[in-house]
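Hi everyone, thanks for making time this morning. Let me put the structure up, and then we can walk through it together.

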Amino acid sequence: MSEAPRYYVPHTSKWPIIGSSSLFVAAFGTASFIQGDNDWVFYTGLGLLVFMMFGWFRDVVAESVNGMMSGLMDVSYRQSMAWFIVSEVFFFGAFFGALFYARVVSVPWLAGSSNNLLTHTILHPNFADTWPLFMTPGGTETEAMGAWGLPFINTLILVTSSVTVTFAHWALKKSERIVAGAWLALTVGLGTAFLILQVVEYMHAFSELGLSLGSGIYGSTFFLLTGFHGFHVTMGTIMLAVMLLRIFSGHFTKDHHFAFEATSWYWHFVDVVWLFLFTFVYWF
Amino acid sequence: MVAHAEHIPHRSGLAAFIARWTLTTNHKEIGSLYLWFAFTMFFVGGAFAMGIRLELFMPGIQLVDPSFYNQLVTMHGLIMVFGAVMPAFVGLANWQIPLMIGAPDMALPRLNNFSFWILPFAFTMLLSSFFMEGGAPNFGWTFYAPLSTTYGPDSTDFFIFGVHMMGISSVLGSINVMVTIFNLRTPGMKLMEMPLFVWTWLITAFLLITAMPVLAGVVTMMLTDRHFGTSFFSADGGGDPLIFQHVFWFFGHPEVYIMILPGFGIASQIIPTFARKRLFGYNSMVYATVSIAFLSYIVWGHHMFAVGMPLWVEMTFMICTMLIAVPTGVKVFNWTATMWRGAMTFETPMLFAIAFVILFTIGGFSGLMLAIVPADFQYHDTYFVVAHFHYVLYPGAIFGTMAAVYYWLPKWSGHMYDERLGKIHFWTAVIAVNLTFFPMHFSGLAGMPRRIVDYSLQFADFNMVSSIGAGLLGLTQLFFLYIVIKTIRGGEPATDKVWESAEGLEWTIPSPAPLHTFETPPAWPIANVGEHQEDSV
């Protein structure tokens with residue numbers, strides 16, 4: 001082939017089939033684990049998944065470093081990352097949907113609004129429509145998580161980290177590798193700080209507020225939303241850390257650093273989700 | 001030119017076979033994998049349907065105990081929706097989209113392999129639940145809480161993770177389709193010049209990317225309600241079982257269109273070819289598809305009219321639902337107008353496409369009846385609903401897929417199918433479909449509830465007819481399998497163009513299509529599709 005490739009089509013790859021089989025092991029292991037069977041299948045699957053991602057990404061990085069990515073390929077990666085983030089938005093949308101439904105419909109209905117007066121009077125006459133839901137119809141009590149303590153500090157941390165990751169990007173575009181690395185290291189630090197503070201917040205919720213997954217719909221939406229967000233921050237922090245290593249390995253040039261950009265898109269997405277969480281889970 | 005990493009390992013026999021199909025990144029091979037997988041699942045789901053119809057052949061409980069009957073109904077639905085119809089369409093997309101837009105392959109070939117190979121594992125997990133203690137999921141394919149939370153069998157957890165895997169597969173597959181269409185069209189091909197099959201798949205991919213994560217969300221809530229003490233679907237904790245239904249159907253209604261839009265695209269490819277006329281109203285077809293997709297997000301409540309929503313909510317959902325008839329009507333009108341005064345011939349793909357238009361329209365009309373809130377109070381949860389959605393899915397999605405297979409199989413395999421056998425398949429299938437599902441309208445209107453193992457004596461005749469039809473329908477599809485295998489193994493060689501007045505890039509390459517095509521982007525416009533849609537009126 002004398003001409004430069006228009007589009008790189010990898011011939012075969014063993015990583016996808018390793019990925020799908022390890023996903024099966026991990027999923028089967030999780031289901032058994034949850035049902036109280038032993039946990040080693042789950043950990044095996046998880047380990048295999050990490051191994052697969054490491055191998056697959058290593059191949060792609062090698063292709064990128066060897067200049068096999070045409071401009072068209074770059075566009076494919078960009079678009080697919082964007083659509084992936086769209087799908088993530090809808091995943092969080094499901095939980096926000098549950099939150100809004102509970103706040104606007106199910107809790108008021110249980111307290112007798114709309115045409116539910118009889119249900120209220122007969123089934124749980126002492127139930128009051130409040131949000132956060134301090135007492136469920138079944139009588140489980142909890143205290144609410146305040147917005148202006150740790151959650152607010154965490155908001156500041158995450159917003160700052162979105163700024164620092166952008167500074168890192170600007171430095172990268174000017175080929176200032178050391179500066180970019182410094183800003184990115186700061187971003188990783190902020191991500192880690194966020195996660196540590198969230199652990200502190202959860203411990204506070206469990207031990208002092210009596211707020212847990214079992215404290216009714218308030219606890220359910222609180223922990224699932226913040227939990228999945230925290231999981232995404234964890235993933236994002238790991239991705240940022242990998243980018244930091246790649247900056248120091250000299251993988252990126254000022255025009256060619258899509259992996260970094262994809263990670264920063266992801267990071268901004270996680271940040272925006274948090275702003276919605278802060279507004280609707282903590283504040284109002 | 002396309003670069004290939006040319007180091008094919010030397011293997012032989014079984015090892016080579018396994019290596020070829022598990023490691024492939026080729027869109028044609030992966031397309032075939034998807035289609036064969038869907039075909040297999042179609043027979044598995046079909047076997048469950050046979051079990052259901054055998055049990056319902058006569059009133060009383062003959063063959064299976066009620067609990068196993070519920071498992072059959074649940075698995076029939078899940079397998080057909082997620083295992084047969086969706087993978088079949090993805091298989092067609094894999095084969096056809098790169099050929100129709102002049103792309104060298106799908107945009108992300110390794111991801112393509114990953115998307116496919118997740119499916120056999122996901123369905124292994126789902127089907128293994130039959131052998132678990134407490135049996136397979138038994139709460140219907142819609143898995144409403146609290147049937148699936150408080151009362152679900154232990155295997156529900158495996159079902160949940162199976163659904164997660166199918167969701168990952170669908171989202172990654174759709175991202176691939178989306179990027180391929182947006183990024184790899186041959187230079188010069190504008191969006192409004194794309195074949196309609198490509199357009200409908202673009203919209204389908206969008207629906208999948210946005211709907212499947214919501215499904216993942218709802219099964220996650222199920223999982224935490226089952227095991228971690230959350231109260232999403234429990235009024236005791238301030239939640240509501242209706243949260244399940246709302247979130248589920250927010251996924252579920254787009255899902256319905258995911259299972260029909262590619263069928264619309266297929267009909268829009270086939271009808272012009274055999275009517276020997278340009279497709280009537282190309283632009284309006286595209287706009288109608290976009291409108292249907294948009295409306296699919298705001299009509300989910302029509303599945304829940306009988307659960308006690310406020311009146312204004314029911315009215316809103318009713319009106320939005322009826323609005324869908326407008327773009328759908330535009331499509332049916334356009335297909336009919338394409339055939340109007342065309343030089344029509346009736347080869348098997350065309351027969352299936354015409355049956356698609358007519359029978360899908362019947363399903364559409366019963367959908368309109370169901371959309372009327374006061375009428376739905378009567379029809380809800382009866383066999384009328386079963387008749388409705390089988391009319392849109394069987395003659396819609398399945399006939400659409402079969403039409404596509406007859407239409408493109410000569411291109412894929414290099415052989416013409418046996419026209420006489422194809423026609424026999426068509427006529428038996430079309431008779432059997434109506435014999436099976438038409439009587440369900442009547443038993444439903446007369447009040448026969450769905451998902452119940454036994455029924456009252458007055459429904460006996462209708463059910464017997466349905467069961468006879470179903471048996472015939474099952475045999476017909478075995479015959480289809482025979483035709484497909486016969487065509488692949490031999491037969492009259494197909495020409496490159498296959499059909500006299502077929503248009504599009506896929507007919508410019510040899511038959512059978514070589515493993516790698518369009519490594520250099522083809523010229524666009526090609527002769528005879530140049531003014532493809534200049535005057536679409």
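Let's start with a term: a salt bridge here is a side-chain nitrogen of Lys or Arg within 4 Å of a carboxyl oxygen of Asp or Glu. What you see is a predicted model, in which local features need pLDDT of at least 70 and side-chain atom pairs count only at pLDDT 80 or more, while totals for chains, interfaces and linings use all residues. Residues are numbered from 1 along each chain as its sequence is written, chains are lettered from A and ligands numbered from 1 in the order in which they are written, and side-chain values use heavy atoms, with hydrogens and water left out.

Over all chains, the structure holds 10 salt bridges. One of them pairs E193(B) with K190(B), the closest N and O atoms being 3.7 Å apart. Are these two partners buried or exposed? By our cut-offs, buried means under 20% relative accessible area, exposed over 50%, and partly exposed in between, using a 1.4 Å probe and protein chains only. E193(B) counts as buried at 19%, whereas K190(B) counts as exposed at 54%.

Next, E500(B) forms a salt bridge with R276(B), and here the closest N and O atoms are 2.5 Å apart. E500(B) sits in the segment after α16 of chain B and R276(B) in the loop between α8 (261-275) and α9 (282-296), so the pair ties together parts that are 224 residues apart in sequence. Helices, by the way, are DSSP runs of H or I with at least four residues, strands are runs of E with at least two, and both are numbered from the N terminus. E500(B) is exposed at 58%, and R276(B) is partly exposed at 28%.

Over in chain A, R78(A) bridges to D74(A), with 2.9 Å between the closest N and O atoms. They are four residues apart in helix α3 (residues 71-110), so about one helical turn separates them. R78(A) is partly exposed, at 24%.

While we are there, how many helices and strands does chain A have? Eight helices and one strand, in the order β-α-α-α-α-α-α-α-α. Its C-alpha trace spans about 80 × 40 × 35 Å along the principal axes, and buried residues make up 49% of its 284 residues.

Back to chain B, and to its surface. M58(B), W427(B), I431(B), L435(B), M464(B), V465(B), I468(B) and L472(B) form a nonpolar patch with about 680 Å² of accessible area together. Patches are made of residues with over 30% relative accessible area and no salt bridge, with like charges joined within 9 Å and nonpolar side chains (Val, Leu, Ile, Met, Phe, Trp, Tyr) within 5 Å; the areas come from the Shrake-Rupley method with a 1.4 Å probe, and for residues only the protein chains shown count as cover. The largest share of the patch, four residues, comes from α16(B). I468(B) lies in that helix and is partly exposed at 48%.

M50(B), in helix α2 (residues 27-56) of chain B, is in contact (heavy atoms within 4.5 Å) with A470(B), G471(B) and G474(B), leaving aside neighbours within four places in sequence. T200(B), in helix α6 (residues 196-227) of chain B, is buried at 0%. Its contacts beyond four places in sequence are L261(B), P262(B), F264(B), G265(B) and T289(B).
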